[in-house]
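Subject: Structure handover

Hello,

Here is the structure I promised you. Please open it next to this email, as my notes follow below.

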Amino acid sequence: MTWHDASHTGVSIFINKENLVFALPLISICTIYAYFKYVPLNLGLSIIGAGIVIYKVTSSLKTRAIEKKEEKIANLDESLLKELAADEINREKEEKQRAAKKKLKAENRARQRIAAEKKKYSNGSKKQEEEEEENDDGEDISTFAQGNRRNKKRN
């Protein structure tokens, strides 16, 4: 067994944290005893009360400062996010505008077709249009009446 410990340099007994942690209860008891033995009660209690009040005030000021910093950070984050998202928002707006333009164009085209059909009906008689439709049906039937291509290949 050696007398020299790697964690203990020998310069002071509290050089490492382990020794300090073990000695804290004894140190605190001795300090409290000496305080109440050698300091008058009137003066000692007022000093303790003032210490408690000062501690409460400083801790509340620190919490307020921390809250203000957090609010600033939150506001900065929101503004930063708005700046970063501004491009995306502009793109979305442009896409919405394009979609609205396409929809408007489609509606205009439909209106123009309807107007052209109304004009066509008003200029020509309905009988001529019905005859044209019947002729179209005849052409469709003639294409089907020609037969199947498989039959031609087999022959």
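How many helices and strands are there in the protein chain? The protein chain has 4 helices and 0 strands. Read from the N terminus, its elements run α-α-α-α. Please keep in mind that this is a predicted model.

Overall surface

The protein chain has 155 residues, and buried residues make up 3% of them. Its accessible surface comes to about 15300 Å². Carbon and sulfur atoms account for 58% of that surface.

Nonpolar patch

Which residues form the nonpolar patch on the surface? They are Ile32, Phe36, Leu41, Leu45, Ile48 and Ile52. Together they have about 580 Å² of accessible area. Two helices contribute here: H1 (17-38) and H2 each supply at least two residues of the patch. H2 gives the largest share, with 4 residues.

Phe36 is worth a look in the viewer. This residue is found in helix H1. Phe36 has a relative accessibility of 45%, so it counts as partly exposed, since that class lies between the 20% and 50% cut-offs.

Aromatic pair

Phe36 also turns up in a ring pair. The count of aromatic pairs comes to 1. The partners are Tyr35 and Phe36, with ring centres 5.5 Å apart. Their planes stand at 80°, so the pair is edge-to-face; the cut-off for that label is over 60 degrees.

Charged patches

There is a patch of negative charge on the surface. Asp87, Glu88, Glu92, Glu94 and Glu95 gather there. Take Glu94 as one example from this group. Glu94 is found in helix H2, which spans residues 41-123. Its relative accessible area is 41%, so Glu94 is partly exposed.

There is also a positive surface patch. Which residues form this positive patch? Arg98, Lys101, Lys102, Lys105, Arg109 and Arg113 do. Lys105 is found in helix H2. Why is Lys105 called exposed? Its relative accessible area is 52%, and the exposed class starts over 50%.

To recap for your notes:

- Nonpolar patch: residues from H1 and H2, at least two from each.
- Negative patch: five names to find, Asp87, Glu88, Glu92, Glu94 and Glu95.
- Positive patch: Arg98, Lys101, Lys102, Lys105, Arg109 and Arg113.
- Ring pair: Tyr35 with Phe36, edge-to-face.

Best wishes

Terms used: Residues numbered from 1 in each chain as written. Predicted model: local features only at pLDDT ≥ 70, side-chain atom pairs only at ≥ 80, totals over all residues. Heavy atoms only, no water. Patch = residues over 30% accessible without salt bridge, like charges linked within 9 Å, V, L, I, M, F, W, Y side chains within 5 Å. Areas by Shrake-Rupley, 256 points an atom, 1.4 Å probe, with all protein chains shown as cover. Salt bridge = Lys/Arg side-chain N within 4 Å of Asp/Glu carboxyl O. Lys, Arg positive; Asp, Glu negative; His and termini not counted. Charge placed at Lys NZ, Arg CZ, Asp CG, Glu CD. Buried < 20%, exposed > 50% of the residue type's maximum accessible area, 1.4 Å probe, protein only. Phe/Tyr/Trp six-rings, centres within 6.5 Å; stacked < 30°, edge-to-face > 60°.
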